[in-house]
Amino acid sequence: QRGHTLMPDEDYPSEVLRTHFRWRGREGVHYNLHLASFGMDKPWNDGVPFYSLSGGLGYLRQYRDAVRRRGRHVEAIRSLVDAETLPVLISGDFNATPYTWSFRQLRQSRTDAFRTRGRGWGGTYRADLPFVRIDFVLAAPAWEIVRAEVPSLFLSDHKPLLVRLRWADAQEGAEEPAE
């Protein structure tokens, strides 16, 4: 394993953990990441109505800055991932939905596990009211997604995403899927 600090000179650097592994006689690389969030201050926690322009302007600046920072981090991660010669899995807290530039840049030709094999809404944030899906597992074509689920567990402010994988060319039932 090797950790990479993305943009260490920033006030809010992000980390990505690269793990080279061998499973069932084959090698792959896993990148676990936590991209920049919008910060600890949330308008809904501070009692600022969503329609309040004067009260919400500071939050809009905070969100704009986070999106820009996340974009720089995604570009750094892409340069790491694009240099890989082994099949890549990317997982973690993207702090972005599947409809964003950040997500699309990381997905590329990889499969979104929940979208492919999950059921239901799949919201992972917030655990008490999981409205949005911002936690993902993206798998290279070398992997087959067997199952994906978001169980009703309250371990943090996110719900967990559990994914079962197997090598795409494995015979049905020939090997136990990885979790």
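## A buried arginine and its partner

Arg78 is buried, with 17% relative accessibility (buried is under 20% relative accessible area, exposed over 50%, partly exposed in between, with a 1.4 Å probe and protein chains only). The model here is predicted, so local features need pLDDT of at least 70, side-chain atom pairs count only at pLDDT 80 or more, and totals for chains, interfaces and linings use all residues. Residues are numbered from 1 along each chain as its sequence is written, and side-chain values use heavy atoms, leaving out hydrogens and water.

So who does Arg78 team up with? Arg78 makes a salt bridge with Asp82, and their closest N and O atoms are 3.0 Å apart (a salt bridge puts a side-chain nitrogen of Lys or Arg within 4 Å of a carboxyl oxygen of Asp or Glu). Both residues sit in helix H1, which covers residues 53-82, and because they are 4 residues apart, about one helical turn separates them. Asp82 is partly exposed, at 47% relative accessible area.

## The chain as a whole

Stepping back, the chain has 179 residues, and 44% of them are buried. It holds 3 helices and 8 strands (DSSP runs numbered from the N terminus: H or I of at least four residues, E of at least two). Starting at the N terminus, the elements go β-β-β-α-β-α-β-α-β-β-β.

Now for contacts (heavy atoms within 4.5 Å). Take those between residues at least 6 apart in sequence: 60% of them join residues at least 24 apart. The chain exposes about 10,500 Å², with carbon and sulfur atoms supplying 52% of that area (Shrake-Rupley method).

## The sheet

Six of the strands build an open sheet with mixed pairing, in the order S1-S2-S3-S4-S6-S5 (two strands pair if DSSP finds at least two bridges between them). At its edges are strand S1 (2-6) and strand S5 (111-112), each of which pairs on one side only.

One place to look is Tyr31, whose bridge partner in S4 is Ile90.

## Asp93, a charge without a salt bridge

Strand S4 also contains Asp93. This residue is buried but has no salt bridge: Arg70, the nearest side chain of opposite charge, is 7.6 Å away (Lys and Arg count as positive, Asp and Glu as negative; His and the chain ends are left out).

What does Asp93 have around it? Setting aside residues up to four places away in sequence, Asp93 touches Leu33, His34, Leu35, Ile134, Asp135 and His158. A polar atom of the Asp93 side chain also lies 2.9 Å from the backbone nitrogen of Asn95.

## Salt bridges across the chain

How many salt bridges does the structure hold? There are 8. One of them pairs Arg26 with Asp169, with closest N and O atoms 2.6 Å apart. That pair links distant parts of the chain, since Arg26 belongs to strand S3 while Asp169 is in the segment after strand S8 (162-167), 143 residues apart. Arg26 is partly exposed at 29% relative accessible area, whereas Asp169 counts as exposed at 56%.

Another salt bridge joins Arg166 to Glu144, the closest N and O atoms being 3.2 Å apart. Arg166 is in strand S8 and Glu144 in strand S7 (residues 143-149), so this pair ties together parts 22 residues apart in sequence. Arg166 is buried, at 7% relative accessible area, and Glu144 is partly exposed, at 25% relative accessibility.

Technical notes
A polar contact is a pair of N or O atoms within 3.5 Å; within protein, one must be able to donate a hydrogen and the other to accept it, and residues adjacent in sequence count only if both atoms are side-chain atoms. Accessible areas come from the Shrake-Rupley method with a 1.4 Å probe; for residues, only the protein chains shown count as cover.
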